[in-house]
Amino acid sequence: MKFFSLKNTLNWKYIIREVLLIFIGINLAIWFNNWNSSKKIKHDKDIVISKIKDEIENNIEELINTQKSNQFILNAFSDLQKLSNKETSLIITNPEKLNKLKRLYPGFFNISDSLKITSNVFQYNINTYIELEIPILSQIAWETTKSIGITNEFNYECLYDLESTYNLQQRVQNEVNKAANALQKREITSLTNILGFLEQLNTQLIKNYQDILLNIENCT
């Protein structure tokens with residue numbers, strides 16, 4: 001009777017080769033999965049950065065247009081107050097100065113009544129027409145970026161700048177709402193004070209936007 005040992009029946013070279021192939025296959029699968037995930041994350045980051053840039057560029061355009069409109073209102077009221085002793089509905093001046101104001105600020109005010117004071121000086125009752133520019137400042141791209149978790153791929157400094165800028169944007173929006181309420185109530189002094197403060201906030205916000213556009217490509 002013949003006996004065969006287990007050692008003689010197993011092909012150890014074959015087994016080792018199969019184990020190595022399985023090991024290599026698993027590692028290749030893991031590497032490919034990681035590579036594919038990294039590629040997807042990079043793709044998502046590129047899209048996110050592009051969307052944020054577009055959003056910020058549009059917001060800058062909105063703010064610049066708003067600044068022009070707000071400055072027009074502030075200048076008009078400032079010039080009217082010089083003639084009215086702080087009472088913008090009633091001014092005392094001559095026709096030449098009044099016509100100059102009308103040319104500088106077309107459509108801003110009209111004369112409802114006048115009273116002759118001297119041969120060339122009149123008291124005018126002025127009605128003002130204020131068209132307040134309301135900026136539409138979007139933060140959809142930024143909120144979407146946070147909701148999908150891509151911000152985890154951004155460095156701290158970039159995140160800080162983005163978060164603080166969008167917080168400032170919200171503050172600007174709140175002041176705009178205050179200005180709209182003041183205009184609705186015809187609280188002119190309050191309106192001009194708010195618009196003056198908004199000028200400062202808008203200038204700072206535009207600067208923040210521009211800094212982000214310069215550095216956002218280095219966020220990751």
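Tutor: A residue is buried when its relative accessible area is under 20%. The model discussed here is predicted.

Student: What share of the 220 residues in the chain is buried?

Tutor: The cut-off for burial is under 20% relative accessible area. Applied to the chain of 220 residues, this gives a buried share of 32%.

Student: How much of the accessible surface of the chain belongs to carbon and sulfur atoms?

Tutor: The accessible surface of the chain comes to about 14600 Å². The part of that surface belonging to carbon and sulfur atoms is 55%.

Student: Which pattern do the helices and strands follow along the sequence?

Tutor: There are six helices and three strands in the chain. Taken in sequence order, they give the pattern α-α-β-α-β-β-α-α-α.

Student: What is the order of the strands in the open sheet?

Tutor: The edge strands are E1 (90-93) and E2 (109-116), and each of them pairs on one side only. On average, neighbouring strands of this sheet are turned by 30 degrees against each other, direction ignored. The sheet has three strands with antiparallel pairing, and their order is E1-E3-E2.

Student: Which residue in E3 is the bridge partner of Ile92?

Tutor: Strand E3 covers residues 122-128 and runs antiparallel to E1. Four bridges join E1 and E3. For Ile92, the bridge partner in E3 is Gln123.

Student: Among contacts between residues at least 6 apart in sequence, what share joins residues at least 24 apart?

Tutor: A contact here means heavy atoms within 4.5 Å. Of the contacts in the chain between residues at least 6 apart in sequence, the share joining residues at least 24 apart is 72%.

How values were computed: Residues numbered from 1 in each chain as written. Predicted model: local features only at pLDDT ≥ 70, side-chain atom pairs only at ≥ 80, totals over all residues. Heavy atoms only, no water. Helix = DSSP H or I, 4+ residues; strand = E, 2+ residues; numbered from the N terminus. Buried < 20%, exposed > 50% of the residue type's maximum accessible area, 1.4 Å probe, protein only. Areas by Shrake-Rupley, 256 points an atom, 1.4 Å probe, with all protein chains shown as cover. Pairing = 2+ DSSP bridges. Axes fitted to C-alpha atoms, helices over the stretch in contact; angles between N-to-C directions.
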